[in-house]
Amino acid sequence: MTKRETAVNCLCCGQDKPSWDYSPGSHTCTLCSMLPIDQAVIKARGTAQREFLFATQTKQGRKQARINAKLEKYKAIGKRCTACHHLKQPEAYNACAPQPDGLQPICRTCNQVRAQLVKEPGGLALWHAVRDGLRKSSPEGK
Ligand SMILES: [Zn+2]
Ligand SMILES: [Zn+2]
């Protein structure tokens, strides 16, 4: 049986290297571990700066930071489904990249029920009735 390789992020150069590229207990890859300390410090500083710039200066990085903040909040209090108005954990929502939080506004359960119902004639009205029923049982009660 072969051991599965796990990639480890080197604290010095910031690259993902296979786990065998590290001495036990070390957080820097063999290449970086061999560097003289002053060069290693310069390299680590460059990595930290690149990561900082990515997180704060790029559109993608800022979006990711906003998403992470929202996910933290959802984990604590839940995300409100715009259909049933229940507060649910982020796992209860399908991913949707264009959304500001990267998740669909309505929960997976509502999404499935709606998709099923609207296929039928008059399904939209039926879905609205089901949805209103769900809203009544939500913390908001409406
Ligand atoms: Zn390294
Ligand atoms: Zn819902």
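Student: How far apart do the C-alpha centres of domain 1 and domain 2 lie?
Tutor: This is a predicted model, and in it the two centres lie 44 Å apart. The domain assignment puts domain 1 at residues 7-57 and domain 2 at residues 78-136.

Student: What is the helix at residues 59-77, and what span should it have?
Tutor: That is helix α3, with 19 residues. At 1.5 Å a residue it should span 27 Å, and its end C-alpha atoms are 27 Å apart, so the two agree.

Student: And what follows α3?
Tutor: Gly-78, which has a positive phi near 90 degrees.

Student: Back up a bit. How many helices and strands does the protein have?
Tutor: Five helices and four strands. Starting at the N terminus, the order is β-β-α-α-α-β-β-α-α.

Student: What share of the residues is buried?
Tutor: Buried residues are 11% of the 142.

Student: Which residues make up the largest nonpolar core?
Tutor: There are seven: Cys-81, Ala-83, Cys-84, Tyr-93, Leu-103, Cys-107 and Cys-110. In soluble globular proteins, nonpolar side chains tend to be buried together.

Student: Take Cys-84. Which residues does it touch, leaving out those up to four places away in sequence?
Tutor: Cys-84 touches Cys-107 and Cys-110, and also Arg-131, Leu-134, Arg-135 and Ser-138.

Student: Next, His-85. Where is it found?
Tutor: His-85 is in the loop between β3 (79-80) and β4 (87-88). Its phi is positive, about 65 degrees, although His-85 is not a glycine.

Student: Last one, Pro-90. Which loop is that in?
Tutor: Pro-90 lies in the loop between β4 and α4 (108-117). Pro-90 is partly exposed as well, with 18 other C-beta atoms within 10 Å.

Student: What does Pro-90 touch, beyond residues up to four places away in sequence?
Tutor: Leu-71, Tyr-74, Lys-75, Lys-79 and Leu-103. Leu-103 is also one of the residues of the largest nonpolar core.

Student: How far is Pro-90 from Val-8?
Tutor: The two are 82 residues apart in sequence, and their C-alpha atoms are 27 Å apart in space.

Notes. Residues are numbered from 1 along each chain as its sequence is written. Chains are lettered from A and ligands numbered from 1 in the order in which they are written. This is a predicted model: local features need pLDDT of at least 70, side-chain atom pairs count only at pLDDT 80 or more; totals for chains, interfaces and linings use all residues. A nonpolar core is a set of buried Ala, Val, Leu, Ile, Met, Phe, Trp, Tyr and Cys residues joined through C-beta atoms within 7 Å. A residue is buried if 20 or more other C-beta atoms lie within 10 Å of its own, exposed if 12 or fewer, and partly exposed in between; C-beta atoms are placed from the backbone. Two residues are in contact if their C-beta atoms, placed from the backbone, lie within 7 Å. Domain bounds come from an automatic or database domain assignment. Helices (H or I, at least four residues) and strands (E, at least two) are DSSP runs, numbered from the N terminus. The expected span of a helix is 1.5 Å times one less than its number of residues.
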